[in-house]
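Good morning, and thank you for coming.

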Amino acid sequence: MKKHHPNNNGNNKVELGIPGFNGLVPAGIDKNSVVLAAGTAGSGKTIFALQFLVYGIEHNNETAMYITFEEQKQKLYKDMMRFGWDLAKYEKAGKFIYLQYTPEQVKRLIVQGGGIIETIIADSKVKRLVIDSITSFALLYHDELEKKEAALKLFELLNKWGCTSLLTSQDESPYNGTISAALEFEVDGIILIYHTKVKGKRIRAIEVLKMRGTRISEKTVCFEITNNGLVIRPNKCVNI
Ligand SMILES: Nc1ncnc2c1ncn2[C@@H]1O[C@H](COP(=O)(O)OP(=O)(O)OP(=O)(O)O)[C@@H](O)[C@H]1O
Ligand SMILES: [Mg+2]
């Protein structure tokens with residue numbers, strides 16, 4: 001029998017690049033998974049997402065694609081420089097692809113079955129993909145069935161593209177499970193990012209709600225935003 005290493009990041013696993021995250025998903029996340037990171041405004045979703053992309057570029061020489069509806073390029077690049085992530089440099093080297101799309105454009109792409117994005121992903125061999133965020137996209141659909149159908153089509157595309165995808169979702173209250181049922185049903189994993197008040201002070205914490213095919217920690221653990229990005233510090237907090 002093959003010996004199983006708890007932090008196995010072998011060929012079929014993907015290292016997110018968040019120090020301490022392995023404690024939440026000991027066996028690691030499968031490559032080509034579709035993972036949703038949900039959290040309230042300012043909880044750290046965008047930093048989390050860029051850290052995931054930059055890790056792939058810096059450690060695996062992978063190409064990363066960042067699709068956003070909200071984050072302005074110049075401001076994002078400047079903000080991320082504070083963590084030492086030189087997105088402009090990676091973009092020049094063809095390793096980082098920034099795409100600003102309106103929700104309508106993404107809707108059209110889904111109808112077309114991928115369109116230009118699919119071509120770029122194949123040509124540039126994109127391995128890590130982020131959509132930040134899918135909230136505005138979901139708002140395009142008023143009808144639940146239509147929304148569910150669009151989500152299914154989007155996940156079909158993401159699965160077909162052969163990259164590991166991270167979708168962010170701005171959630172007023174992830175604690176009450178307000179994530180759209182359609183999304184919750186389809187994604188392989190759900191990560192909840194909290195910026196919540198405990199005894200009059202806000203703390204940052206993270207939890208894995210679901211990860212298909214593997215055991216997860218049932219704990220919600222604290223993290224910090226450091227000069228190098230997010231770092232999970234499980235021993236730093238109590239009673240969340
Ligand atoms: N260099 C830094 N050091 C420490 N904390 C930082 C740094 N840069 C940003 N932050 C904190 O990170 C938070 C913003 O993170 P981020 O933009 O990833 O959140 P978000 O969840 O994407 O927010 P939104 O929902 O508005 O898109 C802010 O609350 C800010 O306090
Ligand atoms: Mg954001």
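Predicted model: local features only at pLDDT ≥ 70, side-chain atom pairs only at ≥ 80, totals over all residues.

Leaving aside residues up to four places away in sequence, serine 165 touches Ser33, Val34, Val35, Leu129 and Leu158. This serine belongs to strand E7, which covers residues 164–170.

Is serine 165 buried or exposed? Its relative accessibility is 2%, and the limit for a buried residue is under 20%, so serine 165 counts as buried.

Let us now widen the view to the whole protein. Its secondary structure comprises eight helices and eleven strands. Of its 240 residues, 52% count as buried. If we take contacts between residues at least 6 apart in sequence, 68% of them join residues at least 24 apart. The protein exposes about 12200 Å², and 51% of that is supplied by carbon and sulfur atoms.

I turn next to the ligand. The space that ligand 1 takes up is the largest pocket. There are 14 residues around ligand 1, and those that come nearest are Gly42, Gly44, Lys45, Thr46 and Ile47. Which element gives the largest share of this shell? It is helix H1, residues 45–60, with three residues.

For serine 43, a polar backbone atom is 3.2 Å from an oxygen atom of ligand 1. For glycine 44, a polar backbone atom is 3.0 Å from an oxygen atom of ligand 1. With glutamine 170, an N or O atom in the side chain is 3.1 Å from an oxygen atom of ligand 1. On its own, ligand 1 has 650 Å² of accessible area, of which the protein covers 67%.

Finally, some points of backbone geometry. Most residues other than glycine have a negative phi, and most peptide bonds are trans. Against that background, asparagine 61 has a positive phi of about 55°. Asparagine 61 sits in the loop between H1 and strand E4, and it is exposed because its relative accessibility is 54%, where the cut-off is over 50%.

Lysine 125 also has a positive phi, of about 55°. Its place is the loop between helix H5 and E6, and at a relative accessible area of 59% lysine 125 is exposed.

Where is the cis peptide bond? It joins aspartate 132 and serine 133, with omega about 0°. Serine 133 is in the loop between strand E6 and helix H6.

Note on methods. Residues numbered from 1 in each chain as written. Chains lettered and ligands numbered in written order. Heavy atoms only, no water. Helix = DSSP H or I, 4+ residues; strand = E, 2+ residues; numbered from the N terminus. Buried < 20%, exposed > 50% of the residue type's maximum accessible area, 1.4 Å probe, protein only. Contact = heavy atoms within 4.5 Å. Near = heavy atom within 4 Å. Polar contact = N/O pair within 3.5 Å; in protein donor to acceptor, adjacent residues only side chain to side chain. Areas by Shrake-Rupley, 256 points an atom, 1.4 Å probe, with all protein chains shown as cover. 1 Å grid on protein atoms, 1.4 Å probe; cavity = no way out; pocket = protein on both sides within 12 Å on 5 of 7 lines; lining within 4 Å. Sits in = over half its atoms within 2 Å of the grid points.
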